[in-house]
Amino acid sequence: MITTVAPPAADVPLSWEQITMVGGAVAAAVLYVLYRVGHYLARVLEALATAAVVFVAVYLAAKGVVVALVWTVRHWRTTSTVTVVSAWCWWWGWLSLLLVALAVAAGLGLWRIAAPLPFDQHAGRRIRSWWQRWAVYAPRMPRWLRSCNLTVPDRAGATVIQVNPLRRTATAPRSRPRRDQLPRILAVRSGPSWDEVRVRLVPGQTPEDFDQAARALAVARGVNRCQVRELGPNVVSIDYQRRNLLDRVVDAPALDAMAGLTGDAIDLDRVLSGATEYGTGWRQSIRGSHTLVGGATGAGKGSLMWAPLLSIAPAIRDGLVRVNGIDPKGMELAYGRDVFHRYAVTSRDALALLDDLVEQMETRKREHAGTTRLVPITRDTPLEIVEFDEIGALLRYVGDRKTREAITERIALLTTQGRALGYTVRGYVQEPTKDTVPVRELFPRRICLRVASKSHVAMVLGDQAYDRGAWANRIGESEPGVGYLFGEGVREPLRVRAAWVPDEAIKALERFVTAPSPDPARHPAPVLPFRPGTPAQPAGGAA
C-alpha cells in the first residue's frame with residue numbers, strides 16, 4: 001500500500017493592513033505609558049517647584065530680615081534718622097519737618113560761632129564724621145583701595161582660551177573684587193584736622209601692605225599726609241590729614257607766668273615743648289629719657305634744645321635740675337652760658353665733664369642700691385641733663401681717636417645706666433649715620449627734623465618709620481622745628497613742632513635761673529666756670 005505525504009503549507013506573509021494594526025497597537029501602548037509617566041513626573045515636578053518657591057521665599061524673607069537687623073544695628077544712627085523722618089512726615093507733614101530742621105541748623109550755627117571749641121567737641125565732630133563717611137569714604141574708598149592694589153586678587157582661575165574649528169574664545173578672570181576680597185569700612189572719625197577711617201582687612205592682607213601704600217592713599221585722597229595705624233590683628237586705621245595745624249610758629253612758654261612757681265611744681269614727666277599735629281600741646285618727659293635729634297642745618301634743632309629748658313626754668317633755678325652743656329661749635333650753647341652748671345667746648349673739656357658725671361652716677365648708685373629703683377629728684381640728687389650739641393663732632397671728627405672712644409664710652413654708660421639714677425642725655429646731630437653716632441641705638445626717643453634724604457629718616461627713627469608716615473625728607477625749609485617723634489611707646493610717628501625760642505628769650509632764661517627763688521628753703525647751686533687754665537677754644541682742638 002502506498003502512502004502519499006502532502007507537502008507543508010508555505011508561510012503566508014502578513015499584509016500591510018495587519019502590520020499597520022500591530023504597529024498602531026504598540027505605539028498606542030507606548031504613548032499611554034509615556035503619558036502616565038509624564039503625568040506622574042509633572043505632578044512630582046510641580047510639587048518640587050512649589051516647595052522650591054516656598055523655600056526660596058522663606059530664605060529671601062529670612063535673609064532680608066537678618067540684613068535689615070544687621071544694617072539697623074550697624075548703622076543705627078542712619079536708620080533711626082530715617083525712621084524718625086518718615087514718622088514725622090507721616091504724622092505732621094514735611095513742612096513742619098523743614099521748619100524744625102532750619103531751626104536746628106540755625107541753632108548749631110550760632111553755637112559754632114559763639115563757642116567753637118565746645119561745639120566741635122560735642123556736635124561738630126559727630127556731624128563731620130557722619131558726613132565724611134557717607135559723602136566721601138563710603139562711595140570712594142573701594143575705588144581707592146582697588147587703585148592702590150589693596151584688594152585680594154581672584155587667584156582661582158586664569159585666562160582660559162578655547163579653540164574649535166569655527167572660532168577661538170578667551171575667558172578672562174574676574175576683574176571686580178568680591179565682598180570677601182575688599183576691606184570693609186568699620187567706622188569714620190573726623191577731627192579738626194584728621195580723618196580716621198577704620199577698615200577690616202580680608203584674609204591674605206597684612207597691616208604692612210597698607211603701610212607701604214600710605215603715599216598712594218594720600219595721593220588718592222588728595223592730601224599731603226596719610227598714616228596707617230594698626231589697631232588689631234585684622235583692623236587698621238587709615239588716617240588722612242586734611243589740615244596742617246603746624247604751619248604756624250609755636251610760641252615759647254612765657255617765663256613771666258612761671259615767676260611765682262617753685263621747682264617742686266614742675267612736672268618733669270610732662271614738659272611743654274611745642275605742639276602736635278593734632279592741635280594739642282606737645283609734652284615730653286625729661287627725667288630718665290634720652291633723646292637723639294637728627295636734622296639738617298637750619299632744621300630747628302635749637303628750638304628742641306631751648307624750649308624744654310624754658311618750661312623747667314623754676315626747677316633749674318631751685319637746683320632740682322642741673323643742665324650741662326657740651327658745645328663743640330662754641331656758639332649755640334654759649335649764648336645762654338649762665339643756664340649751664342657745667343660747660344665744655346673742646347674734646348678734653350667734654351671728656352672731663354662726662355667723667356665727672358659718671359663718677360657722680362657711680363656714687364649715687366652705691367648710695368641708693370637696694371633702697372629704691374628710681375632715685376628721687378631732690379636738691380641733693382638733682383636731675384642732670386646733658387645737652388650735647390653736634391654730638392657727631394666729638395664722636396667722629398674732633399680730637400684724637402682715644403679721646404673719641406673715651407667720650408663714646410662715657411655716653412654709653414650714661415644712656416644705659418643713668419635712666420633710674422637721674423641722668424638724661426639729649427644729643428643733636430646733622431649726619432645720623434652709624435659711623436657718626438655709634439651709640440644712636442641707646443637713645444630710646446628719636447626725633448627727626450628736616451633731612452636731605454629718605455635714608456636719613458631710617459637712620460634716625462628706624463627702618464619702618466618712613467613706611468609708617470615719617471616723611472621727614474619732605475619737610476619744607478620754611479618749617480623749622482617741625483619733625484617726627486618716634487620711640488618710647490609711640491607706635492606710629494608723631495609729627496610735632498618745637499616752640500620757637502628767640503635770642504631775647506634765652507637771655508631772659510639766664511636772668512630767670514640766676515634770680516632769687518621764691519622758695520626760702522632753696523640753696524642755689526653754683527654755676528661752674530671754665531676749668532682754670534683752660535681757655536675757651538673753638539671746636540677742633542686736640543685733646
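Which residue lies over the face of Y335? K507 does, at 4.4 Å from the ring centre. A charge sits over a ring here if NZ of Lys or CZ of Arg is within 6 Å of the ring centre and within 35 degrees of the ring normal.

## About the model

This is a predicted model, in which local features need pLDDT of at least 70 and side-chain atom pairs count only at pLDDT 80 or more, while totals for chains, interfaces and linings use all residues. Residues are numbered from 1 along each chain as its sequence is written, and side-chain values use heavy atoms, with hydrogens and water left out.

## The chain as a whole

Let us start with the overall picture. The chain has 13 helices and 16 strands; these are DSSP runs numbered from the N terminus, with helices being H or I of at least four residues and strands E of at least two. Of its 543 residues, 41% count as buried. Buried stands for under 20% relative accessible area and exposed for over 50%, with partly exposed in between (1.4 Å probe, protein chains only).

Among contacts in the chain with a separation of 6 or more, 70% are between residues 24 or more positions apart, where contact means heavy atoms within 4.5 Å.

## Aromatic pairs and charges over rings

A search of the whole structure turns up 9 aromatic pairs. Rings of Phe, Tyr and Trp (its six-membered ring) pair if their centres lie within 6.5 Å; planes under 30 degrees apart are stacked, over 60 edge-to-face, and the rest tilted. One of the pairs is stacked: Y137 with Y240, 5.8 Å centre to centre and with 20° between the planes. Y137 belongs to helix α4 (residues 116-147) and Y240 to strand β6 (residues 235-241), so this pair ties together parts that are 103 residues apart in sequence. Y137 is buried at 0% relative accessibility, and Y240 is buried with a relative accessible area of 0%.

Y240 also pairs with W144, this time edge-to-face, at 6.3 Å centre to centre and 65° between the planes. Here too the pair links distant parts of the chain, with W144 in helix α4 and Y240 in strand β6, 96 residues apart. W144 is buried, its relative accessible area being 8%. Elsewhere, W88, W91 and W92 form one aromatic cluster, and the charged end of R215 sits over the ring of W471, 5.2 Å from its centre.

## The loop holding D264

D264 is found in the loop between β6 and β7 (271-276). Its relative accessible area of 55% makes D264 exposed. Beyond neighbours within four places in sequence, D264 is in contact with L320 and R379. The C-alpha atoms of D264 and T378 are separated by 9.0 Å, although these residues are 114 residues apart along the chain.

## The annotated binding site

An unreviewed UniProt entry carries the annotation "binding site" for G295, A296, T297, G298, A299, G300, K301 and G302. UniProt positions are in the numbering used here, feature names are shortened, and annotations may be inferred rather than shown by experiment.

A296 lies in the loop between β9 (291-294) and α7 (301-311). Leaving aside neighbours within four places in sequence, A296 is in contact with K301 and R450. G298 is placed in the loop between β9 and α7, and at 51% relative accessibility G298 counts as exposed. Not counting residues up to four places away in sequence, G298 touches R450 and P480.
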